[in-house]
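Visitor: I would like to learn how to read aromatic pairs and cavities in a protein model. Could we take them one after the other?

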Amino acid sequence: YQHCSSFQSRVSSYGIMSPATTKSCCHVSPQQRRPRLCLALAIGTYLSCHQANAFSSPSTLSKKLTTMPSQSLNIKFARIMPSSSSTALYATPSPSLISSSNHWGNVAALSFTASLAQLLGKKTLVGKLLGAPVTAMAVAFVLSSVGFLPSLLSTSATTKEWMTILPPGGSPSASFLQTISLTLATPLLLLGTSLRGNALRQCGSLLGSFFIASFGTLAGAMIAFSINTIPRALLASVPNQDGLKIAAALLAKNIGGGINYMAVCSCLNASPESVAAGLCVDNVMALVYFPLVSVLASKYKDVVDDDDDDGLIEKKENDESNEKNDSSSELSPVESLSHAFTLAAVLTAGGQFINSKLHYVTTSPLNLSLPITTLLTVIFSTYYPPNMFLSPTSTKKRSDDAKSNSIAKAGETLGTSLLYLFFATAGAPGWRLKESIQQSFPSIATFLIILYGVHGSILWSLKKLVEVTKMDKSKYWKKVIAPQRLLTASSAAIGGPATAAALAQSNQWESLLTPSLLVGNVGYALATFIGLLFYGAANKSLL
């Protein structure tokens, strides 16, 4: 722009645009000028980078332009417009109501999409089937792909152009929101993940069932990769050869939850197209899995262990007797939210700092900031003294049993809302995702079918093995293989703690309601590292 006259003379002399065209190009509005300038400058950049004497003569330039590979320029030509004296090429972006440079407009639209998805997930049949996170991604996809409003910038009198709400292909604002939401949601959701002895004991036998379910997921991924055609198909079909990355992320997701899926994708630098493809296929598989689990669970009543009754009664009495005494020490909602956000920011900063110093120790190109933040959060939640300033755990009087307090609950609320926002940004690229999803669907679906199938087979086989070998005479194994616990553990691994708790609540399994949340948090804490280890092993085996 600063050298407009020089640009005119250079471009006109080589016939890319006529003098009249370049003059209008430099003096019309920026919205019309930028595509033409970008195209001409991109051609010049390509030629100057690949051939030093590209501009030596007009004939040389013409030859280079005719042989130039189309994929070398990441530009889509919307139309070719004839001018009065020559043919001028310029790219016209698809119109949108909110431009990609409108920062707060994009933030507002994506935030509204995340909120609307939660409503649709509760009130509509499609929303209930897809779930609120996938609904958020689908709504953002439609807003950036389908034209709703007539374009005011349409240049054709016969053909009417329609504007999308969000800019097609995404925007810098969407990328920023995606990064910040995932980065902060990770520590926020893990503030209640305490691995103290008391917390693990509250999980009871369900913890053993959960470890078996997690092993079933891992075994399914390993068996799938033992079939040579599956990893090769993933590498060939998933965009940017991200097949192994998405498989590792899906393994982590089906042990922990969506936050682990995104953490692995971020650590391995998976492309947005690959991330969206993996999420879409996984949720299609979930449409089959969760209804099946619900049907099986409806056959069973709540599991009651006689030897735990006294402890449950004593626990309820202590809670009721101390509720009034401890209510005065409870933090206000404002304090809880403020403390949770502070902890997330500090732990994230610590993870980023440690990651920035890892080049002194290892030459790995992986971005390990999120796994490090996960580890720091789990350590902090487990070992930071209860009832202290900023502590996410507290103990009641006359009891040493540490529990998650209002800070951890506020962190879960903030983290969940940020997770919805993240899924909205995942669908922001819009129609750009269509081809990648269609291309990678068969290979990812095959991988997940094997993973889900082996997961369920191991749970069923273990139950039958214990019964045949009469190991069910042992109280521990009898509890572990109880159908209620196996189904809850499977739901906690595949869907996360919220899904497992919803299953227990819908079937009135009161004894499994709190343990299902606890074992789900254990999955959150471990799944990211399991996924990264799997990726390292799978990557080495294919080299």
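Guide: Let us begin with a term: a residue is buried under 20% relative accessible area, exposed over 50% and partly exposed in between, using a 1.4 Å probe and protein chains only. This is a predicted model, in which local features need pLDDT of at least 70 and side-chain atom pairs pLDDT 80 or more, while totals for chains, interfaces and linings use all residues. Residues are numbered from 1 along each chain as its sequence is written, and side-chain values use heavy atoms, without hydrogens and water.

Visitor: Are Phe 225 and Phe 534 buried or exposed, and how are their rings arranged?

Guide: A pair of aromatic rings is described by the distance of the centres and the angle of the planes. Rings of Phe, Tyr and Trp (its six-membered ring) pair if their centres lie within 6.5 Å, and planes under 30 degrees apart are stacked, over 60 edge-to-face and the rest tilted. Both Phe 225 and Phe 534 are buried; their ring centres are 5.2 Å apart and their planes at 85°, so the pair is edge-to-face. The rings of Phe 380 and Tyr 384, by contrast, have centres 4.6 Å apart and planes at 20°, so that pair is stacked.

Visitor: Which residues does the cluster of ring pairs link?

Guide: Ring pairs join Phe 225, Phe 447 and Phe 534 into a cluster, and the structure holds 7 aromatic pairs.

Visitor: Which classes of residue line the second largest cavity?

Guide: Its lining has 4 nonpolar, 4 polar and no charged residues, where Ala, Val, Leu, Ile, Met, Phe, Trp, Tyr, Cys and Pro count as nonpolar, Asp, Glu, Lys and Arg as charged, and the others, Gly among them, as polar.
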